[in-house]
Amino acid sequence: MKILTRILVVALLAACWACTGNPEIDLQGTWHGQWTAGGIAGSLQVTFAGKRAFGDLTLYDVTLVLTGPSCPGGQDRGTGDRTVAFNQDDVHFAISIGAAAGSEGVFLFDGAMNGGREIDGSYRLTSDSCPACTCGLGTSGTWTVLR
Amino acid sequence: MTGRPVRSIVIAGILLIVAPLAPARAGIRGRDGEVGIDYARQRFDPELLGETGGRWSLRGGQHVTGLLQWEGQITRGRVETTPLPGAERSVTLSLALVNLVVNFHPRENVVPYVLLGVGIAKTRIEAVGLSSSDTETGYQIGGGSRFFFGKESAVALRVELSIPGGDAFEHSYFHPSLGAGLTLRIGHHHHLGP
């Protein structure tokens, strides 16, 4: 009976540890990957910084650098201050590409964590147009990045 | 329906209720009822945007004595900021509180008070399309005054400085606010003579 009790206690402790042992994921840092839109693909670099809590969500600043077939020598660059929201599973962020931040060239990226070191998702242009875009991002597509 | 017509209807409704009560004395005292509506500008906790938004309240209660009053209050405030289209961040705070109000009577038509309230608070946050909400304990501390319109009015302007707050997401948040509204005494004070 005593042995059975010990086994039950150990099993219970192990179960509790498993429940609380899920480490909090922090997006902070630079992630590398690619984007695709139709038959076009390019590279993508996303940097999350300025972590701060917002209820049980986490906000970050974001910088995005991308290349593509139509800008082999250059790149498009987008930024957003506190425009990243993260809740352990989902990552949503908005960026503005070009000088006139907020009115043109605004993209919304929605992604989901895949194992803690990978984010997969889709993106879409939420403003009317993107005059500053040179790399062929288009109006919608998919993206994936790895830490 | 827009906000302005709704506000006009509410104010007109209050005034219609008030009219039959006109031949009475101002002020408020034991066994009187009280109902009111008010609007406050509220500074949301720095951990929850730290921006200023609006808050509406409905109140109703009973004066147990000249000094003490129980009051129920339902209030809802919201603030939103949009750094980029599609990247809105917002906080919505809804509170249902029971207030213990301590009233003072320095003059017949001026009734200052302090209050302490406790109840439930629902805090809802949204950011870039993600959202979360939590319902836990709500509370508030505050003080203000009623200013009755004339010597025979049952209606008063109620001005209040308060700090409503609530627990949510394993934190406590406080939202200082300054509000004003109309309050209506339900009860009839006959003249006591010259």
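Which residues of chain A do ring pairs link into a cluster? The cluster consists of Trp31(A), Phe48(A), Tyr60(A), Phe93(A), Phe107(A), Phe109(A), Tyr123(A) and Trp143(A). The structure is a predicted model, in which local features need pLDDT of at least 70 and side-chain atom pairs count only at pLDDT 80 or more, while totals for chains, interfaces and linings use all residues. Residues are numbered from 1 along each chain as its sequence is written, chains are lettered from A and ligands numbered from 1 in the order in which they are written, and side-chain values use heavy atoms, with hydrogens and water left out.

Rings of Phe, Tyr and Trp (its six-membered ring) were paired if their centres lie within 6.5 Å, with planes under 30 degrees apart counted as stacked, over 60 as edge-to-face and the rest as tilted. The count over all chains comes to 10 aromatic pairs. Phe48(A) and Phe93(A) form an edge-to-face pair, with 5.8 Å centre to centre and 80° between the planes. Phe48(A) belongs to strand E2 (residues 40-54) and Phe93(A) to strand E5 (residues 90-97) of chain A, so the pair ties together parts that are 45 residues apart in sequence. Strands (E, at least two residues) and helices (H or I, at least four) are DSSP runs, numbered from the N terminus. Relative accessible area is 1% for Phe48(A) and 0% for Phe93(A), so both residues are buried (under 20%; exposed is over 50% and partly exposed in between, with a 1.4 Å probe and protein chains only).

Chain A contains a closed barrel of 8 strands in the order E1-E2-E3-E4-E5-E6-E7-E8, with antiparallel pairing. Two strands pair if DSSP finds at least two bridges between them. E5(A) and strand E6 (residues 106-113) of chain A pair in the antiparallel sense over 7 bridges. The bridge partner of Ala94(A) in E6(A) is Leu108(A).

A salt bridge was assigned where a side-chain nitrogen of Lys or Arg lies within 4 Å of a carboxyl oxygen of Asp or Glu. The whole structure holds 12 salt bridges over all chains. In chain A, Lys51(A) and Asp26(A) meet in a salt bridge at 3.7 Å, N to O. Lys51(A) is in strand E2 and Asp26(A) in the loop between helix H1 (2-20) and strand E1 (29-37), so this pair ties together parts that are 25 residues apart in sequence. Lys51(A) is partly exposed at 38% relative accessibility, and Asp26(A) is partly exposed at 29%.

In chain B, the closest N and O atoms of Arg146(B) and Glu34(B) are 2.7 Å apart in a salt bridge. This pair links strand E6 with strand E1 of chain B, 112 residues apart. Arg146(B) is buried at 0% relative accessible area, and Glu34(B) is buried at 2%. Glu160(B) forms a salt bridge with Arg59(B), with the closest N and O atoms 3.0 Å apart. Glu160(B) lies in strand E7 (residues 155-168) and Arg59(B) in strand E2 of chain B, so parts that are 101 residues apart in sequence are tied together. Glu160(B) is buried at 5%, as is Arg59(B) at 8%. Shared partners join Glu34(B), Asp38(B), Arg59(B), Glu71(B), Arg146(B), Arg158(B) and Glu160(B) into one network of salt bridges.
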